[in-house]
Amino acid sequence: MENEKTPAKAARHKRTFLYTLIVFLYAIMVKLVFFMKIEGRENVPRGRNCVLMGNHQCILDPVTLALCVPDREIHFMGKKELFQNKVSAWVFTKVHGFPVDRGNMDMGAVRTALGVLKDGDTLGIFPEGTRSRDGHMLPLLGGASMIALKGGCDVVPVYIDGNYKPFRRMRVYVGEPIEMADLRAGRMNKETCDELTRRMEASFARLSGGKSLPAGREA
């Protein structure tokens, strides 16, 4: 695989009505219902686009990720099933969602993701590919590492700690960008993708205090 990098660009600050409305209403709800606190927003690069990678356990996770970057709107990958209904497809498209076939290496979705970054927008990815049901993160998929390596911008891990139960305190930890300059300097191949995946897992483990690791593994 060639290492064709997309240089980081100034983050675009466009606003769309539906996205802004949803995030605004959600921000009120999380303060009243989930007592959510977000730590580490300063780790998101200012004035530049980036890739936000979060753990995934609930359908609300994308909106939670959006709260971490109030200065911009995020484009998200979503499972293709969300786009099979005309109404839901319209809604997800309006809030910058685009479909991905989770069962295959969907190169069309990868190209769309890289196009988002090339245009100066911020990309949101859940590298597990699907929601975890037991509180531990699932193995990370290789497509996320490929996008991160080719993206040419910072990759910021976000760990969502909590199960969205009403009136239970939640914490969201935004980590420092993952170090990957050495990986981008060489040729991209399976080894560099695997190494980046290990670094991503290590970043989530640090943010979560080891809770992000798959069941049976120690930090």
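User: What should I know before I start?

Analyst: The model is predicted, so local features need pLDDT of at least 70 and side-chain atom pairs count only at pLDDT 80 or more, while totals for chains, interfaces and linings use all residues. Residues are numbered from 1 along each chain as its sequence is written, and side-chain values use heavy atoms, with hydrogens and water left out.

User: How many residues does the largest nonpolar core have?

Analyst: In soluble globular proteins, nonpolar side chains tend to be buried together. A nonpolar core is a set of buried Ala, Val, Leu, Ile, Met, Phe, Trp, Tyr and Cys residues joined through side-chain atoms within 4.5 Å. Buried means under 20% relative accessible area, exposed means over 50%, and partly exposed is in between (1.4 Å probe, protein chains only). Here the largest core has 31 residues, and Val51, Met53, Leu123, Ile147 and Leu196 have the most contacts inside it.

User: Which elements supply at least two residues of this core?

Analyst: Helices (H or I, at least four residues) and strands (E, at least two) are DSSP runs, numbered from the N terminus. The elements in question are the strands β2 (50–54), β4 (97–100), β5 (122–125) and β6 (154–161), together with the helices α4 (107–118), α5 (142–151) and α7 (190–208). Helix α4 gives the most to this core, with six residues.

User: What is leucine 196 in contact with?

Analyst: Contact means heavy atoms within 4.5 Å. Leaving aside neighbours within four places in sequence, leucine 196 is in contact with Ser145, Ala148, Leu149, Ile178, Met180 and Leu183.

User: How much space lies in the largest pocket?

Analyst: Rolling a probe the size of a water molecule over the atoms shows where empty space is left. The search uses a 1 Å grid over the protein atoms alone; a pocket is an open set of points with protein on both sides within 12 Å along at least five of seven lines, whereas a cavity is a set where a 1.4 Å probe fits but cannot get out, and lining residues have an atom within 4 Å of a point. Grid points are joined across faces, edges and corners, and a volume is the space filled by probe spheres set on the points. The largest pocket holds about 930 Å³. Of its 39 lining residues, Met77, Gly78, Lys79, Leu82 and Phe126 are the closest to the centre.

User: How do the lining residues divide by class?

Analyst: Ala, Val, Leu, Ile, Met, Phe, Trp, Tyr, Cys and Pro count as nonpolar, Asp, Glu, Lys and Arg as charged, and the others, Gly among them, as polar. The lining of the largest pocket has 25 nonpolar, eight polar and six charged residues. The second largest pocket, of about 180 Å³, has a lining of eight nonpolar, one polar and two charged residues.

User: Why is the pair of phenylalanine 83 and phenylalanine 92 tilted?

Analyst: Their planes lie at 45 degrees, with the ring centres 5.9 Å apart, so the pair counts as tilted. Phenylalanine 83 is buried at 17%, while phenylalanine 92 is partly exposed at 28%.

User: Which value of phi does phenylalanine 35 have?

Analyst: Most residues other than glycine have a negative phi. Phenylalanine 35 has a positive phi of about 50 degrees, although it is not a glycine. Phenylalanine 35 lies in the loop between α1 and β1 and is partly exposed at 33%. Phenylalanine 167 also has a positive phi, near 65 degrees; that residue is in the loop between β6 and β7 and is exposed at 56%.

Technical notes: Phe/Tyr/Trp six-rings, centres within 6.5 Å; stacked < 30°, edge-to-face > 60°.
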